[in-house]
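Student: I'd like to learn how to read a structure like the one we are about to open. Could you walk me through a few features?

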Amino acid sequence: MDSLSEYFQSYLTALESYDVIGAFWVNIQLAFWAALGSAVLGTVLALMRISPVPSFRWAGATYVNIFRNTPLTIIMTFCILVMVFQLQINLSSDFNFNFFLWAIVGLSVYHAAFVCEAIRSGVNTVPLGQAEAARAIGLSFLPAARMIILPQAFRGAIAPLGNTLIALIKNTTVAAAASVIEAAGLMKTMIEFRPDVILAIFATFAAGFVILVIPVGLLTTWLSTKLAVTR
Amino acid sequence: MTSDESHSEMPPAAPAAATGARSATPTGQPLVSLKNVNKHFGALHVLQDINLEVTKGEVVVVIGPSGSGKSTLCRAINRLETIDDGEILIDGNKLPAEGKALAKLRADVGMVFQSFNLFAHKSILENVTLGPIKVKGMKQAEAKELAMSLLQRVGVANQSQKLPAQLSGGQQQRVAIARALAMKPKVMLFDEPTSALDPEMINEVLDTMVQLAKEGMTMIVVTHEMGFARKAADRVIFMADGKIVEQATPEEFFTNPKSDRAKDFLGKILEH
Ligand SMILES: Nc1ncnc2c1ncn2[C@@H]1O[C@H](COP(=O)(O)OP(=O)(O)OP(=O)(O)O)[C@@H](O)[C@H]1O
Ligand SMILES: [Mg+2]
């Protein structure tokens, strides 16, 4: 019993000397901005992939094939080593904030490919007749996509979009590769300096992500039934 | 994306001028005119050298066996399908290839589909007001008034706040007719508007169509409903294997078909 409370005491001092909440907050911010970025980029890509213009369709498909099949770590390292160090493209003059922004870019660019495919699977749930009826009343491609196809496609794509968001939240740990101090990076540091409570540290960070991700899963399940389009 | 909304109500200069110049159709000038239209689906020659003229106010019923190209003909007229060669003119204007000009001209051609195709995520009222507001730039209040009067006319005004899935098939199809009428089309195309309906709902839709015909709407109707053809059609066109095989008044066609294909076909549908 004594050794257990001793272990707990050591764990508490470890927690106190590091800003665990602050590190998770970085992951939350990364996930939020990258979710926005990848949603916008992914929607544009999905529009390209369903557009009547063959070269747009080709460009959209090429993007998806490249970024969906490249490991995120490579994209992230590319952003830092090539974009920042080689080409000196800085998004902010603040050293750390620059890396943070590049991490958002890397995450957005990568997950946009998955968002695009999720939306496209949603488009497949929309009967062809919806697009034909839209064209028949005189809507051209973009208005038809915006008012008729995408609203229904998003509702049909909530589950795969939720999965993409869950993957994105967990993938924010890869931002460590872009020298951003976030949860996974902090975990490594803590383990290095406090190997005595290594199990508790692992459990803390795993639990942190589970707590972040579970509501997303619950929300998407609820939304996908609530917003389902009845036909 | 919001920017193209404002553009869509403004047709490109050239086609607009052309529309203006010819908007008063002289009697006799065809409203819809197909000249030597050909269309292939791969090796299949679905439309073979189709020539067809429909004058203003005329009601034409297209009839023929499955796969004869009736739907393709309808869809070619508002360019949901492209054609390989030939010419299709709506009120003297050639159908533009793509883009805004085509979208504009499409609004002149109302289309009613076999499967209704009401916008599933929009209310009945929104289904009808969407085109006038977004394509024609009509004011919200004016569009609503127009939509309610049209819904009244087809007898579903009391359902205006519901979603399409909450209506019966017959009601949905009448809303689809109202949606097409809201664009004030010059001609209405119907592709088997009653074939997806339960028998007890067929008549409510046909009655709406007969009414429309009486009011002078130019209509091209693919249907096997002989009652409708007899009551409302000026002309029956019989299609087989991608060709127009025979055309006649309904009375003449149903009582005294000339071609063997038509006799054979009528024999088959009359058995039912
Ligand atoms: N998108 C397409 N691709 C390939 N073939 C098609 C396509 N649409 C139609 N066809 C073929 O073209 C032919 C004519 O089709 P269409 O739908 O115009 O016939 P229809 O007269 O309307 O028949 P139905 O009475 O069954 O509706 C059919 O053989 C059909 O299989
Ligand atoms: Mg058909």
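Tutor: Gladly! Let's settle one term before we start: helices here are DSSP runs of H or I with at least four residues, numbered from the N terminus. Keep in mind, too, that this is a predicted model.

Student: Thanks. Let's begin with the ligand. Which element gives the most to the shell around ligand 1?

Tutor: For the shell, we take residues with a heavy atom within 4 Å of the ligand. Helix H3(B) gives the most, with three residues. Two elements of chain B, strand E2 (44-55) and helix H3 (70-77), each give two or more residues to this shell.

Student: Which residues surround ligand 1?

Tutor: On chain B you will find Phe41(B), Leu44(B), Val46(B), Glu192(B) and the stretch Pro65(B), Ser66(B), Gly67(B), Ser68(B), Gly69(B), Lys70(B), Ser71(B) and Thr72(B). Sorted by class, that makes four nonpolar, six polar and two charged residues, with Gly counted among the polar ones.

Student: What are the distances from oxygen atoms of ligand 1 to Gly67(B), Lys70(B) and Glu192(B)?

Tutor: A polar contact needs a pair of N or O atoms within 3.5 Å. A polar backbone atom of Gly67(B) sits 2.8 Å from a ligand oxygen. For Lys70(B), a side-chain N or O atom is 2.8 Å from an oxygen of ligand 1, and for Glu192(B) a polar side-chain atom is at 3.3 Å. As for cover, ligand 1 alone exposes 630 Å², and the protein buries 59% of that.

Student: Now the chain as a whole. How many helices and strands does chain B have?

Tutor: Chain B has eleven helices and ten strands. Of its 272 residues, 56% are buried. To see how the fold is tied together, look at sequence separation: among contacts with a separation of 6 or more, 66% join residues 24 or more positions apart. The accessible surface of chain B is about 11,800 Å², and carbon and sulfur atoms hold 50% of it.

Student: Where is the kink in H4(A) centred?

Tutor: On Phe78(A), with a bend of about 30° in this helix of residues 72-86. Just after H4(A), Gln88(A) adopts a positive phi of about 60°.

Conventions:
Residues are numbered from 1 along each chain as its sequence is written. Chains are lettered from A and ligands numbered from 1 in the order in which they are written. This is a predicted model: local features need pLDDT of at least 70, side-chain atom pairs count only at pLDDT 80 or more; totals for chains, interfaces and linings use all residues. Side-chain values use heavy atoms; hydrogens and water are left out. The bend at a residue is the angle between axes fitted to the seven residues ending there and the seven starting there. Buried means under 20% relative accessible area, exposed over 50%, partly exposed in between (1.4 Å probe, protein chains only). Contact means heavy atoms within 4.5 Å. Accessible areas come from the Shrake-Rupley method with a 1.4 Å probe; for residues, only the protein chains shown count as cover. A polar contact is a pair of N or O atoms within 3.5 Å; within protein, one must be able to donate a hydrogen and the other to accept it, and residues adjacent in sequence count only if both atoms are side-chain atoms.
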